[in-house]
Amino acid sequence: MKQVAEGSQAVSEAVRLAKVQVIAAYPITPQTHIVEELSEYCANGTLNARFICVESEHSAMAALIGAASSGVRTFTATSSHGLAYMHELLHWASGARLPIVMTNVNRALGPGWNIWLDQTDSLSQRDTGWIQLYCEDSQDALDTTLIAYRLAESVNLPVMVVLDAFFLSHTYEPVDIPDQETVNTFLPPLSPRFQIDTANPAAFNQFVSPQAYMEMRYNIQTAMQRVPGNYNEIAQDFKAIFGRDPRLAEDVHCDDAEIIFVTAGTTVSTCRQAVDRLRQAGEKAGLLKLKMFRPFPVDFFRQVLNGKQKVAVVDRNCSFGASGIFAQELRAALYNAEAPPEIFGYIAGLGGRDVTPETIEDIYWQTKRADRLQTENIWIGLDQETLKTWRN
Amino acid sequence: MAQLKVTDQDYFIPGHLGCPGCGAAIAMKFALKALGEKTIVVMAASCASIIAGPYPQSSVKVPVLHTAFATGGAAASGVRAALEMKGDTETTVVSWAGDGGTFDIGLQSLSGAVERNEDCIFVCYDNEAYMNTGVQRSSSTPFGVRTTTTPGQDWKKTRKKNIMETMAAHRIPYAATASIAFPEDLIAKFEKAREKKGGSRFIHIFASCATGWGAPSDMSVKIARLAVQTNIFPLYEIEDGTRYTLNYKGDSRVEDYLQTQGRFKHLSKKDISRIQDLVTEDWNHLLYKTGEVPS
């Protein structure tokens, strides 16, 4: 049934439909609407789950590790500093091979305090062994959350579903919320591969010598490598049941494109509009929507991108001392490609600054004018007057 | 020789990696005797994480969920929540942490868990410093002790944190101290805690560490007994954070205890007298709370 819903609500509806059994969460803006709604569902019996009001995000993930190890489906949501505070347990969750699903609403890290969109929080967790999926709109958020459970449980790795602060989490738009019976056909109850059981005592996550540690890590890597294939199968099932096609990456007008945007999150929608306008003006613009960031879909990019194109990556994040993180990953993925394109890395819209269709068009023209790469990262829309007043 | 009235059934078995005379190993052995096979142990990083044994072996015959240092309270809460969802109210969930994982890095998580009155037993086996990493001071290290981070003249000049009062302040249904030198008392307290389902229980075990305290390994139990006999570590229970019961009254002087361990050997007569004053002050305060002395 279609209803007008916030991005946050789309997530909590998906969690309800996934029949999650244990939720542990700590408040942080802008993810709070998600867990507020889930608290309500637990309180009024709409969702039969235990909601643990923990005293920190560190404890939220620790509680889910305890619950998931005991064989139940789990969920939490966080943002920014909350995610950073969880960092230790993110490694623990993947190392323990637990299919935990978490929503992270991308928010800037302080200082200065800033509650608005910035992707550096989730991207700086790229080495924690979590699958990362980025959402473009509310429907995408609901669909991706449902898929996340199937995907996590297929490889025993945790999944982070990522939404842009406010532009997605707090924006209302029509969302098709499926009924429970239909979701049941897509997502069966969790059937854990292992769980704590007093009838079959075992030690979980114990001390391990160099003789076995490396093999455990290798298994995480090979599980990650299965993720794109598993995702595609699950997405096909999803399409057959729900009629929507949430692909792990999507190419728009890329066949004949000379300049291709690569980006993730709500900026994809902005790029769609800019690409349409550029096409109407006779420009050969294209777009690659990056949905899956971990594992990085290297094969997909190698198929779509080639030496005849320029690529403009729009990063709403920065790895200081390197570049925008999507650009960095894309360069690494294409380094051994037969004919890699020129990759221009643009950093824009940090800390919630607007990225409009005009911003994207400006990036297009800059990329078109450039004969060759001038710099590893090009910052868009910096206020030179403000910069002049500060000593660096 | 008096015979202990203790079951022969063990869930913590030989082959573990504890040092000779390890108080933590004795504590776990007796605790699991009382708790039995329907028990899940959540083990925050500590000596016990090593003592329990490396992959693919384990000296613990009940399930153990090893977890990160600061997470005993939260991870146990998660296990309990999952059991509830599976309709299991019988199994006892125990968080087993050292003093670092209880008094210091794990305090927030523990406070959160007992404030929610989670249906778990939270155990601190206390060896009064970070032993696994090479004897660094914790907030459980008592006044007067030399550790590798309170060396020489910088021996610890502040008191041991009173974790029992901290737990009592949360008004949890049951809190008790126990000692490896009083196994029947320890087992009785674990049995009582196991039966008090539905809320948070806390047991603080004095678990001597011969390696870290500079004592011969055959002195561990004797040192633990002296700690009780000198009232340095009194045995008592607190119900609902308010009703105190004293289990033992000691009458020995603190010197008897201090002289057994290298960690105190630098202390002057004046320092020892200061320790006696601190112990007497705490003891009198406890007597007042138990109603043994009028207000």
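## A hairpin in chain B

In strand 8 of chain B, B:Thr245 is the bridge partner of B:Glu237. This is a predicted model. Strand 7 of chain B and strand 8 (residues 243-246) of chain B run antiparallel, joined by four bridges. Together they make a hairpin with three residues between the strands. There B:Asp240 takes a positive phi near 55°.

Strand 7 (residues 236-239) of chain B also pairs with strand 5 (residues 174-179) of chain B. Three bridges join them, and the two run antiparallel. B:Tyr174 has B:Glu239 of strand 7 of chain B as its bridge partner.

## Where the chains meet

The two chains touch through 40 residues of chain B and 37 residues of chain A. Several elements give two or more residues to the chain B side: strand 1 (39-44), helix 2 (47-51), strand 2 (64-67), helix 3 (72-85) and helix 5 (107-115) of chain B. Helix 3 of chain B gives the largest share, eleven residues. By residue type, the chain B side that touches chain A holds 21 nonpolar, 13 polar and six charged residues.

Strand 9 (residues 203-204) of chain A and strand 2 of chain B pair in the parallel sense, over two bridges. Here B:Val64, in strand 2 of chain B, stands opposite A:Ala203.

## The six-stranded sheet of chain A

Six strands of chain A form an open sheet in the order 10-12-11-14-15-16. The pairing is mixed. Strand 10 (249-252) and strand 16 (378-379) of chain A are the edge strands, and each pairs on one side only. Strand 10 of chain A pairs with strand 12 (residues 285-290) of chain A in the antiparallel sense, over four bridges. In that pair, A:Asp251 has A:Leu288 of strand 12 of chain A as its bridge partner.

Helices lie against this sheet. Helix 9 of chain A lies across strand 10, strand 11 (259-263), strand 12 and strand 14 (310-315) of chain A. Helix 9 of chain A runs at about 165° to strand 12 of chain A. Helix 11 (residues 325-334) of chain A packs on the sheet too, touching strand 11, strand 12, strand 14 and strand 15 (342-347) of chain A. The direction of helix 11 of chain A makes about 145° with that of strand 14 of chain A.

## A helix crossing in chain A

Helix 9 (residues 267-280) of chain A also meets helix 12 (residues 357-369) of chain A: their axes come within 8 Å and cross at roughly 60°. That angle is why helix 9 of chain A counts as oblique to helix 12 of chain A. The crossing is right-handed.

Helix 9 of chain A makes this contact with A:Thr270, A:Cys271, A:Gln273, A:Ala274, A:Arg277 and A:Leu278. Helix 12 of chain A brings A:Pro357, A:Ile360, A:Glu361 and A:Tyr364. The residues of the contact divide into six nonpolar, two polar and two charged.

Key:
Residues numbered from 1 in each chain as written. Chains lettered and ligands numbered in written order. Predicted model: local features only at pLDDT ≥ 70, side-chain atom pairs only at ≥ 80, totals over all residues. Contact = placed C-beta atoms within 7 Å. Nonpolar A, V, L, I, M, F, W, Y, C, P; charged D, E, K, R; others polar. Pairing = 2+ DSSP bridges. Axes fitted to C-alpha atoms, helices over the stretch in contact; angles between N-to-C directions. Parallel < 35°, antiparallel > 145°, perpendicular 65-115°, else oblique. Left-handed = near helix turned anticlockwise from the far one by under 90°.
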